[in-house]
Amino acid sequence: MGKLIKVIAIIAVLYLISSLASKLLGDDLDQTDKIAVVPIKGVITTSAGSISPLQQSGTTSKEIIEFLEKAEDDKKVKAIVLDINSPGGTVVASREVAEKVKEIEKPTVAVIRDVGASGAYWIATASDLIVADPLSITGSVGVIASYLEFSELFDEYGITYQGLKAGELKDMGSPFKTLTSQERSIIQKKLDRVHEHFIDEVVKNRELPESSVSEISTGVYFLGEEALELGLIDEFGNKADAIDRAEELAEIEDSKVVEYEKESTLLDVLTNINAMSFFYMGKGIGAQLQQTEMKGLEIIA
């Protein structure tokens, strides 16, 4: 009986070692070429805490860039597909991801399914090829700044706003007071600068003629079929088509598709349950003033 127990124990240990080795080395033993699919879903921010409970769940630029770097470092990954379904996000987060995509030497293909607008479209333009559904929402190359202002409501209920500040414009954009003409002018100039940068990036990345700038820069979103006519996308298709095009660009066949996914936490689940089911359609890249007198201007896209 004692010998039998020892044999079983040895077999169990060998099984654990084998399983661990398989897990650690399995990918290295598999020499099949891969296509990595990187998800870009929901609102794109620089940190998870930037996503409002009133917005749909989203992702961070850090998470997306980590996926891109993982695909970049994996020698068996021959091309990357950006699986986009996003209305955009913060200006900085969108720019960070777009710059990373441009740095990658492997072929990159973006596929826009339902929505690839604003900051998400900026990211798509950094890829080698954009595939989109004919009825998808794309573009929205514009800038918006908005916030709720309660000053008249305060007047109705006899509530006063006392702003103690050091710096004349420190409470610019506070929801408790009306914007002055000077403050409105300052914010508009900042939005115009962001808008110009956004337009420049789209024109450069898509190699668009200057004559098309006036038409694409109004902030309006385009259906996929309109976007194709304007040169904002390259062809119609779905995720499977994007994977096929990625294989063609990488000059490989019968690749293994690897889907990168963020591990969900309990907090993510609870957030998704309570999140609104939609985000302002085609929301422009820009600044949203969601602040009190103690919070500075927050730029979102």
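Is Trp-122 buried or exposed, and what is its relative accessibility? At 1% relative accessibility, Trp-122 counts as buried, a word used for residues under 20% relative accessible area, as found with a 1.4 Å probe and protein chains only, whereas exposed means over 50% and partly exposed lies in between.

The model is predicted, so local features need pLDDT of at least 70 and side-chain atom pairs count only at pLDDT 80 or more, while totals for chains, interfaces and linings use all residues. Residues are numbered from 1 along each chain as its sequence is written, and side-chain values use heavy atoms, with hydrogens and water left out.

The structure holds two aromatic pairs, where rings of Phe, Tyr and Trp (its six-membered ring) pair if their centres lie within 6.5 Å, and planes under 30 degrees apart count as stacked, over 60 as edge-to-face and the rest as tilted. Phe-67 and Tyr-260 form a tilted pair, with 5.6 Å from centre to centre and 40° between the planes. Because Phe-67 lies in helix α2 (residues 61-73) and Tyr-260 in the loop between β10 (256-259) and α10 (266-274), the pair ties together parts that are 193 residues apart in sequence. Phe-67 is buried at 15% relative accessibility, and Tyr-260 is buried at 6%.

Trp-122 returns in the stacked pair with Phe-198, at 5.4 Å centre to centre and 25° between the planes. This pair links distant parts of the chain, since Trp-122 is in helix α4 (residues 119-125) and Phe-198 in helix α6, 76 residues apart; helices (H or I, at least four residues) and strands (E, at least two) are DSSP runs, numbered from the N terminus. Phe-198 is buried too, with a relative accessible area of 0%.
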